[in-house]
Amino acid sequence: MNAANKVYALIASLGLWAGIILWQWMTVEEPVRVPLTNVSGPAASAQSARGNSASLRVDLDKLAAARTQREATFTAPRNIFAPPRTDGAIPIGQSNFELDAGVPNVDQPAQQQQAFDDLTQFRYLGYLRLGQDGARNREMAVLTKDEEVHVVRAGETIEDHVVVKAITPEGVTLQEVGSRLEQTVPLAEEAPPEP
């Protein structure tokens, strides 16, 4: 097939396509235009839609209550990612919710002081990690109190009222069960004094 025949075949196919498109365009009917109607739900009239704007009112009491609620001062949230304090003090801005929870007690500060004194008697002598997998339950701490040696893991209870919360090479976090007071005991630098 030579080039002239190819051109004639191209022109013929383009003309055929143009004829089909023209024929489709001429025979297609225009879409029927129908106004929209509500087919489900309650029927609404134009008059009721216009009349509702006059019956709206603002409840000023609720608006004032919302304003006072927005203007109330809130305490700063506690930073849960901050490292624990080694001196046992509660950081500024941290609420002491655990200590205040429960039934109000008149001698609660005395109990807290007694719990704090009890927790400060512990000395952290050593850190021991069993295995190389780094599992939390493999970390052990050696603690002493009143010539008693305790080898404990996180989650264990000492003397029925002190729970070991966390163990790190730098310190052990202890919690007194009754007052929920937490104390981080740092690793002892020197040996305990001999009696």
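Analyst: Gladly! Two strands count as paired if DSSP finds at least two bridges between them. Please keep in mind that this is a predicted model.

User: What makes strand 5 and strand 6 a pair?

Analyst: Five bridges join strand 5 to strand 6, and the definition asks for at least two, so they pair. These strands run antiparallel. As an example, V162 has E176 in strand 6 as its bridge partner. The hairpin that links strand 5 to strand 6 passes through three residues.

User: How do you know that strand 6 pairs with strand 7?

Analyst: Here, too, the definition asks for at least two bridges, and five are found, so strand 6 and strand 7 pair. They run antiparallel, and G171 has P186 in strand 7 as its bridge partner. Their hairpin has five residues between the strands, and R180 in the turn has a positive phi of about 60°.

User: Why is strand 6 called mostly covered?

Analyst: Buried means under 20% relative accessible area, and six of its six residues are buried, so strand 6 is called mostly covered. G171, T173 and Q175 lie on one side, with V172, L174 and E176 on the other.

User: What makes the 13 residues a nonpolar core?

Analyst: They are called a core because they are buried residues of the listed types, joined through side-chain atoms within 4.5 Å. F122, Y124, L143, I158, V164, V172 and L174 have the most contacts inside this core. Strand 5 supplies the largest share, three residues.

Technical notes:
Residues numbered from 1 in each chain as written. Predicted model: local features only at pLDDT ≥ 70, side-chain atom pairs only at ≥ 80, totals over all residues. Heavy atoms only, no water. Buried < 20%, exposed > 50% of the residue type's maximum accessible area, 1.4 Å probe, protein only. Helix = DSSP H or I, 4+ residues; strand = E, 2+ residues; numbered from the N terminus.
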